[in-house]
Amino acid sequence: SLTLAGLVALGAAAQAQQAIPSRIQPITGTVRDAGVLHVATGTWTRKATQVNIGADIIYNNTAPSGYYSPLSGDIFNDEGRIPSPSSPTTLSSRPGCNTSYTIDGLQIDYCTDEPLGGVFNLTFFETYAACTSITGLIPSAVINTAGAPGSPAVGTVACWNVTLDLAGSPSTAFTMLADGDGTYVAPPTSNLFGWSIASTLPAAQQLGTGPTISGDPSVATQFDGTIWDFPVNLAEDGTGMSSTNNFYIENGPTTPGCYFFGGLPLSSFHLELYATACGSTSTGVPFCFGDGTGTACPCANNGLPGNGCASSVSAAGANLSAIGNASISNDSVVLTTVMTPNSSVLFFQGTIQQSGGAGVQFGDGKRCAGGTVVRLGTKNAAGGLANYPAAGDPSVSVRGLVVAPGSRTYQGWYRNAAAFCTASTFNLSNGLEITWGA
């Protein structure tokens with residue numbers, strides 16, 4: 001079980017080191033929302049909204065653990081990953097939508113027992129090898145959190161969530177290449193960015209001041225709450241794509257080196273990054289739902305609004321969505337089905353909305369994409385999720401023979417062999433119409 005006794009010492013991760021005194025402390029009160037600090041002006045918007053900040057969350061390590069780690073005069077180096085379009089599609093990874101991102105906002109969590117304890121220096125590095133020193137690395141940005149709240153009194157621990165608006169004039173927004181250099185390269189090559197946090201207090205006053213620990217995978221997965229989550233839900237917590245269960249300590253009284261969080265399922269320190277990265281949060285217009293509208297589901301097996309007809313594994317039905325650029329010359333569209341069985345999913349393309357968008361009964365569901373049909377590819381769903389294209393696949397437009405601007409319809413057809421509804425052994429998602437540009 002997750003107890004303070006189990007967190008007593010930070011051990012050495014990749015090298016033989018002596019344990020250091022416990023720096024992990026439980027958060028005993030509420031982590032309060034301090035609102036948005038506009039760094040350019042030093043002013044506050046005291047509400048939890050991303051004022052003047054990019055619409056897309058591109059990194060999300062916010063799943064709470066209930067603990068924080070005082071800095072005690074050290075610098076903590078941590079890591080994460082923001083994906084490029086060549087990033088693989090796996091259970092812990094998603095393709096990005098750009099080779100670089102301009103970060104115009106971020107969010108941190110911290111606790112402090114000092115009135116001035118909310119002032120930190122945050123340093124970001126475009127390319128970083130996990131759990132290493134930052135000595136010699138060139139920063140992409142150094143952000144100071146002057147003006148962030150501290151404790152009401154010395155010795156009283158207060159914990160805060162602060163969003164930093166880096167836009168405005170003078171701007172403190174900064175750009176980082178995705179996957180470290182704009183493209184994904186299979187490990188052991190690093191695709192990570194690095195960041196460090198240091199307090200401006202004297203070391204003796206940092207014994208109760210430091211970042212909160214987030215990224216518990218029992219709460220959320222690595223892509224939850226980002227623009228690449230499926231379906232997109234920016235309100236979800238996440239564990240931070242490619243974050244690891246260790247961090248590097250240096251430039252202070254602790255022996256420099258790589259340490260981990262007591263072997264517990266905690267990934268990294270709390271961090272969320274914002275950018276206008278992908279434009280619209282979704283691509284295409286959904287149609288033909290198995291929710292009681294249009295043609296009825298075969299056995300009155302209605303799913304939830306926006307999905308296909310219910311199946312034996314999901315009373316909500318399966319959902320098809322897409323993100324990416326629907327451009328024939330620069331196609332980055334990714335089709336995704338969720339809430340299917342862990343079986344085969346055929347992604348296919350049509351030229352019309354079947355029956356004017358109402359669909360026709362087909363198997364345990366409804367056929368929505370009609371006309372001239374092209375089979376894009378069959379994928380095996382894992383965790384109820386499947387994507388097309390995956391690494392090495394032709395793009396949607398290439399495989400679908402889309403050579404001129406215009407609309408196409410899409411659907412996911414999945415195997416559902418359990419006895420359910422009709423004698424058929426398959427069901428389908430909702431339909432999705434995408435308008436392709438040049």
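The model is predicted. Begin with the whole chain. The protein has one helix and 29 strands. Its radius of gyration is 24 Å, close to the 22 Å that the globule rule gives for 438 residues, so the protein is as compact as a globular protein of that length. Along its principal axes, the C-alpha trace spans about 70 × 45 × 40 Å.

Next, consider the inside and the surface. Of the 438 residues, 54% count as buried. The protein exposes about 16600 Å², and carbon and sulfur atoms supply 56% of that area. Contacts tell of the fold too. Take those with a separation of 6 or more: residues 24 or more positions apart account for 73% of them.

Now turn to one sheet. Strands of a sheet pair through backbone hydrogen bonds, either parallel or antiparallel. Here five strands form an open sheet, in the order β18-β29-β28-β21-β26, with antiparallel pairing. Its edge strands are β18 (285-287) and β26 (374-380), and each pairs on one side only. Neighbouring strands in this sheet are turned by 25° against each other on average, direction ignored. Look inside the sheet at β28 (residues 406-415) and β29 (residues 426-436). These two strands pair in the antiparallel sense over nine bridges. Threonine 409 stands opposite glutamate 433 in β29.

Disulfides come next. The structure holds five of them. One joins cysteine 131 and cysteine 258, with the sulfur atoms 1.8 Å apart. Cysteine 131 lies in the loop between β8 (120-128) and β9 (141-144), and cysteine 258 lies in strand β15 (residues 257-260), so the pair ties together parts that are 127 residues apart in sequence. The torsion about their S-S bond is about 105°, so this disulfide is right-handed. Buried means under 20% relative accessible area. Cysteine 131 has 10%, so it is buried. Cysteine 258 has 4%, so it is buried.

Another disulfide joins cysteine 297 to cysteine 309, S to S 2.1 Å. Both cysteines lie in the loop between β18 and β19 (319-323), so the pair ties together parts that are twelve residues apart in sequence.

The link is right-handed, with 100° about the S-S bond. Cysteine 299, at 36% relative accessibility, counts as partly exposed. Cysteine 421, at 31%, is partly exposed.

Note on methods. Residues are numbered from 1 along each chain as its sequence is written. This is a predicted model: local features need pLDDT of at least 70, side-chain atom pairs count only at pLDDT 80 or more; totals for chains, interfaces and linings use all residues. Side-chain values use heavy atoms; hydrogens and water are left out. Two strands pair if DSSP finds at least two bridges between them. Helices (H or I, at least four residues) and strands (E, at least two) are DSSP runs, numbered from the N terminus. Axes are lines fitted to C-alpha atoms, for helices over the stretch in contact, and angles run from 0 to 180 degrees between N-to-C directions. The radius of gyration is taken over C-alpha atoms; the globule rule is 2.2 Å times the number of residues to the power 0.38. Buried means under 20% relative accessible area, exposed over 50%, partly exposed in between (1.4 Å probe, protein chains only). Contact means heavy atoms within 4.5 Å. Accessible areas come from the Shrake-Rupley method with a 1.4 Å probe; for residues, only the protein chains shown count as cover. A disulfide is a pair of cysteine sulfur atoms within 2.5 Å.
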